There are 2 protein chains.
Amino acid sequence: MDKVYVVGVGMTKIGRFYDRSGRELFVEALLKAIDDAGGLKPKALVVGNMTSSVLMEQDSLAALLADHSGLRGVPAFKVEAACGSGGAAFYAGYSLVKSGLADVVAVGGLEKLTENLTSVVTKALAQAADAEHELFYGVSFTGLNAMVARLYMNKFNYTREDFAYWALRMHEYASYNPYAQLPRKTTLETILKSPVVADPLHLFDCSPIGDGAAVTILVRGEEKAKEIAKTMGRDVLVEVKGAALATDSVDLGSRNNLLALESTIKASREAYKMAGIKAKDIDYVEVHDAFHITGYLALEDMGFAPKGEAPKLWREGRFGKGDKPEVNFSGGLKARGHPVGATGVYQIVESTMQLRGDFPGYKASDPEIAATQNIGGVGTYTTVTVLKRT
Amino acid sequence: MDKVYVVGVGMTKIGRFYDRSGRELFVEALLKAIDDAGGLKPKALVVGNMTSSVLMEQDSLAALLADHSGLRGVPAFKVEAACGSGGAAFYAGYSLVKSGLADVVAVGGLEKLTENLTSVVTKALAQAADAEHELFYGVSFTGLNAMVARLYMNKFNYTREDFAYWALRMHEYASYNPYAQLPRKTTLETILKSPVVADPLHLFDCSPIGDGAAVTILVRGEEKAKEIAKTMGRDVLVEVKGAALATDSVDLGSRNNLLALESTIKASREAYKMAGIKAKDIDYVEVHDAFHITGYLALEDMGFAPKGEAPKLWREGRFGKGDKPEVNFSGGLKARGHPVGATGVYQIVESTMQLRGDFPGYKASDPEIAATQNIGGVGTYTTVTVLKRT
């Protein structure tokens, strides 16, 4: 009776929408999700978002989005966990359904970054770092990731070229995804010759800045999920088998180990345990590749590659079509885009569609079990969600 | 088995702490709560906060506070629901315990407003309003409440003097509260002659700006709660009998009725139903009197006074010592203080102590059932929590 299912999903295309407000994007995604759930109206709303206070001058965000989506009055709140806000919101929303506080819950993510100077956006995103121990000294968020990438490259003897295959493949996958911000292929030469942002990270090693919103609708109980699937003519259900959230220090200076994301190790093991699976059982994965380095760390720390070997295996062609797991066919944060607090929800929307077989982009090979990994900061937060087709 | 109990509480004094950081205040409150729970270590943390992104330049707030409190690694996220963030965080934390995702959860609230220019703080707080439909036109949050107060006074024929009795009594209660920001009595004359902020609201009709942190620790299961009570030498338990969150539009212009807080009506009725009680069963209440008007509306909309009569009944002496319910013996937001996202948690800490009989200020008359009401915006959010001594 207390099994939880994803019964509806919706998302907007990701882009720089100077002519569309954040609330407009969110309403589009939520109404799509309601349609996809056979018209089922959510009774609560949890919203993942990082920067609305700074970039939209808007608090009270969740009530605002509920009201504008026709859900005035429902329990609603915003969850902030930096770039991991979407995943954390899903965790909180899953809890609302599981506890019985609400039997139909919408979990959405929204980020509206454009309409601001790039310097302002860069500063807002750097607030994922420790204000007193890191930001105060002028480091940017890309700068922090660059330090980790440099350390990893030195430790395991990789070159920029070795790492460049991440972006190459992400752009290829994104070229099939109608929702992607950068739906176009690229070349190794373009990646390598792109301008430096924070050495060793060049422009094409980093995810872009974009706006977007994504929503999932969760229900409690197999019967309800079956009824909706029937209405929608779908012959499969997508069950949430595992949901785990773990944290680490914010400032990198007090981490035990910069070559692994300890929160990802912890959250993935807990989510697998909850789902009764091992890493090797997972068919499809969406990982948080805000930078190539975080993509590679995710593969290692989720248990798909030995430490230090993910870039090598990736360059050799692993994790592509027909492999286990298949990874980031959405195009990842790198090319699908990274509307910060919405990203974790995009991953769940995309994985749900891959399990159902109706993802409108590069298709996974009939997966049965999928996992998503969404981080905040440089692994300050990780949410891992395990979904199963039943 | 799935009953939920408040087993530990902690709070800081509220004030303008130019020499203490937000993280320092939070750690103090959390460690006090752990001590009060017999040393029990929380396995998850939910933090209510409104303005950290703008006034502390800090996102990733919950992981940061977990780490600094010795809880590195636990699931943690921040909840934003404007001034109602603390209550909403409690609702989310209650859900984590109830769902079984964590069996010991700390719910804290933190706000650090000082160290910023007053104009900056005023702007940050105004972000509780609708950025596009209200804030854009230059209205302050006090301005919005002033409009509601004026409408209410005109509709029900009240004068500023009629309303002034709220602050008078709050200051008296706060004079006994060692945690209060303004622990001193005042006079009707002082209230009436205080400078205007936004007509008809004068300085003494408004809650002050202050810093503070409060934490509660929740556990699942009567046995565990009894064990902790025994360790601490307490002969009563405090059970969470009801927890409900409701919302309304953000912008006042699209409300159905400005003379009532519809979210409070909805949340209180749901919380009472969940607890199996009626309004008349409640012995003690903490309401959200950010301004006198919101205090009076709370009393009416929670079912303690007929519409339009709360200020009259209050002036006649109702809701004081020996009455049912007794209201805001902490001194309320008006004089205990209003560290925005922490306020809803302060209310639960204080009510828990009143039920246990160890509140160190003005004491309630041996209450058995208590309720707290925490709003965000001008009633955009309301969380109502019902606690029972067992």
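## Contact between the chains

Contact here means heavy atoms within 4.5 Å. By that criterion, 60 residues of chain A touch 60 residues of chain B in this predicted model. About 4700 Å² is buried between chain A and chain B, and 50% of that area lies on carbon and sulfur atoms.

## Symmetry

Two copies of a chain are related by a rotation about an axis and a shift along it. Chain A is superposed on chain B by a rotation of 180 degrees with a shift of 0.0 Å along the axis, at an RMSD of 0.0 Å. This is therefore the relation of a two-fold axis. Within chain A, A:Ser99 has the C-alpha nearest the axis, at 1.9 Å from it. Both copies use the same surface, since 100% of the contact residues of chain A recur in chain B.

## Polar and charged pairs across the interface

Between chain A and chain B there are 6 salt bridges. One of the side-chain pairs meeting in a salt bridge is A:Arg23 with B:Asp130, at 2.8 Å from N to O. Polar contacts across the interface of chain A and chain B number 35 residue pairs, with both residues at pLDDT 80 or more.

## Elements on the chain A side

Several elements of chain A give two or more residues to the side that touches chain B. The helices among them are H2 (52–55), H3 (61–68), H4 (85–99), H5 (118–126) and H10 (262–275). The strands are S3 (76–80) and S8 (238–247). H4(A) gives the most to this side, with 8 residues.

By residue class, the side of chain A that touches chain B divides into 30 nonpolar, 15 polar and 15 charged residues.

## Strand pairing between chains

S3(A) is joined by 3 bridges to strand S3 of chain B, residues 76–80, and the two strands run antiparallel. A:Lys78 has B:Glu80 as its bridge partner in S3(B).

## Salt bridges in the whole structure

Over all chains, a search of the whole structure finds 64 salt bridges. B:Lys226 and B:Glu222 form a salt bridge, with their closest N and O atoms 3.6 Å apart. Because B:Lys226 and B:Glu222 are 4 residues apart in helix H10 (residues 222–231) of chain B, about one helical turn separates them.

Definitions and conventions. Residues are numbered from 1 along each chain as its sequence is written. Chains are lettered from A and ligands numbered from 1 in the order in which they are written. This is a predicted model: local features need pLDDT of at least 70, side-chain atom pairs count only at pLDDT 80 or more; totals for chains, interfaces and linings use all residues. Side-chain values use heavy atoms; hydrogens and water are left out. Copies are superposed by least squares on the C-alpha atoms of residues with pLDDT of at least 70 in both. Buried area is the accessible area (1.4 Å probe) that two parts lose on being put together, summed over both. A salt bridge is a side-chain nitrogen of Lys or Arg within 4 Å of a carboxyl oxygen of Asp or Glu. A polar contact is a pair of N or O atoms within 3.5 Å; within protein, one must be able to donate a hydrogen and the other to accept it, and residues adjacent in sequence count only if both atoms are side-chain atoms. Ala, Val, Leu, Ile, Met, Phe, Trp, Tyr, Cys and Pro count as nonpolar, Asp, Glu, Lys and Arg as charged, and the others, Gly among them, as polar. Two strands pair if DSSP finds at least two bridges between them.
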